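User: I would like to go through a protein structure with you. Could we take it step by step?

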Amino acid sequence: CDTTLTCSAGDLIDNGPVTICPGEFATAEATGISVPGGACFGELRMNFIPDTLFPGTSGGLYPGGFSIGVTNPYSFDDDVNGIMSGNGLDSLRGRYWVQYFVQTTEGICFGDSLEVFFLAPDDPACSGVDCSVFDTAPVDLTKSFDPVNGVQDRVQVKWFKDSPQVRYSDEDAAACDLKFWPKRNLDPVTGAPVGSAIVAAPGDTINIVDMKKFQGDGVTPREIFKWPVKFRKNSDSPNARRADANIRYEWQVRCACEHGAGPESPWSVVKIFNTPDFDPETGIFTPPPGADLSHLSDAKQIASNTHKGVNTALPALSAKGPHKAVPVKIKRAAKPAFVAKSFSNEVSIKLYPNPTNDVLNIQLDSEVTSVNVKDMSGRTVIQETGNGSFLQISTATLSDGMYMVELEINGQITRKPFVVKK
């Protein structure tokens, strides 16, 4: 054998990385390959070397990889053109280095490597679904206590995707996880927090996982933007994912692509909901006669990707006192542009609860453009801009006493007094 004969596995035109879904092919091509012949018989071959430190890497004959006779260029799939399944082996998954080499009677000369990622069939990158909306957490978390078939036995927690701020659509195919845990005990009569804050243990957190909705066929994903948290009754199992009476809960939500099989969003910010003094035997809340409890619901524009509907229900005063605490100073509910509205010199303004301890709700029949809260000395203690007909101002930082809220409406200033009492 003439050992002076050139042996070269050449140089790859492209080193990757390359991503392959099942059924797809990648091609390795090199230049400058030289294979000795004659007594120094050589053969161009290829190695598939697994990166055993990369999560999910599997398949192949053994950790050192395996080789097959090839030509240049060479196209291959995750089954290496039937070689894997033909030998009873699993298809390649994870990260591999695909390497040309020349084997001769005198030794081996190696070329460089092509980086290849073999994806699983259920990988979102192989489904053609855009999961980028799940890169960010759900936003605009709200809740409502609207009766279902005349029965008030639940709180509906609601959320939007981040961009655009609309419901997760049919096409998003979202599945969501919800968790909530007790934070404060509430007075059954006033609904105000009593006692010290609850330090919840891990076992106190209630998890509702893989929440998803389907079309009528029971298979096709449907849009999702809310989920019911039902009130606990005595006959429920201790493990039932229900909410107890007279408790302020904190809650978060996250959502995942491909009905839960794809990438998962981060958890949302923490929000709260309060449960009323419902009957533990039935898990149903029956408001006292004449009581208006609509303030438990957040005024919110409900929109989908294809149609923007509006929930025009606005909060009103409850016989049980404040039931909402939010970390932001102001929250506004936009009105739909297509709603015609006439204005007069008299603007209806409703402040509630009054007295308040942590949140003041402001309901108007017009839009407010700015909000100032002043103490009795005339000093401005809260200053906000507005753009809606329902606002919520946090009064948690204010001391007990009387204050004046100044609202700029249609270019005019209107003032209303309210009291903070904690």
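Analyst: The following conversation covers the overall fold, the nonpolar cores and some aromatic rings.
Analyst: This is a predicted model, in which local features need pLDDT of at least 70, side-chain atom pairs count only at pLDDT 80 or more, and totals for chains, interfaces and linings use all residues. Residues are numbered from 1 along each chain as its sequence is written, and side-chain values use heavy atoms, with hydrogens and water left out.

User: How many helices and strands does the protein chain have?
Analyst: The protein chain has 1 helix and 22 strands. These are DSSP runs numbered from the N terminus: helices are H or I with at least four residues, and strands are E with at least two.

User: And how much of the chain is buried?
Analyst: Of the 422 residues in the protein chain, 45% are buried. Buried means under 20% relative accessible area, exposed over 50%, and partly exposed in between, with a 1.4 Å probe and protein chains only.

User: Which residues have the most contacts inside the largest nonpolar core?
Analyst: They are W159, F180, W251 and F273, in a core of 29 residues. Strand β16 (247-256) gives the most to this core, with 5 residues. A nonpolar core is a set of buried Ala, Val, Leu, Ile, Met, Phe, Trp, Tyr and Cys residues joined through side-chain atoms within 4.5 Å.

User: What about a second core?
Analyst: A second, separate core has 23 residues, including I68, Y96, C109 and V116.

User: Changing topic, how many aromatic pairs are there?
Analyst: The count comes to 12 aromatic pairs. Rings of Phe, Tyr and Trp (its six-membered ring) pair if their centres lie within 6.5 Å; planes under 30 degrees apart count as stacked, over 60 as edge-to-face and the rest as tilted.

User: Why is the pair of F76 and F118 tilted?
Analyst: The planes of F76 and F118 are at 50°, so the pair is tilted, and the ring centres are 6.4 Å apart. F76 is in strand β7 and F118 in strand β9, 42 residues apart.

User: Are those two buried or exposed?
Analyst: F76 counts as buried at 0% relative accessibility, and F118 counts as buried at 3%.

User: How are Y96 and F118 arranged?
Analyst: Y96 and F118 form an edge-to-face pair, with 5.6 Å centre to centre and 85° between the planes. Both also belong to one aromatic cluster with F48, Y74 and F76.
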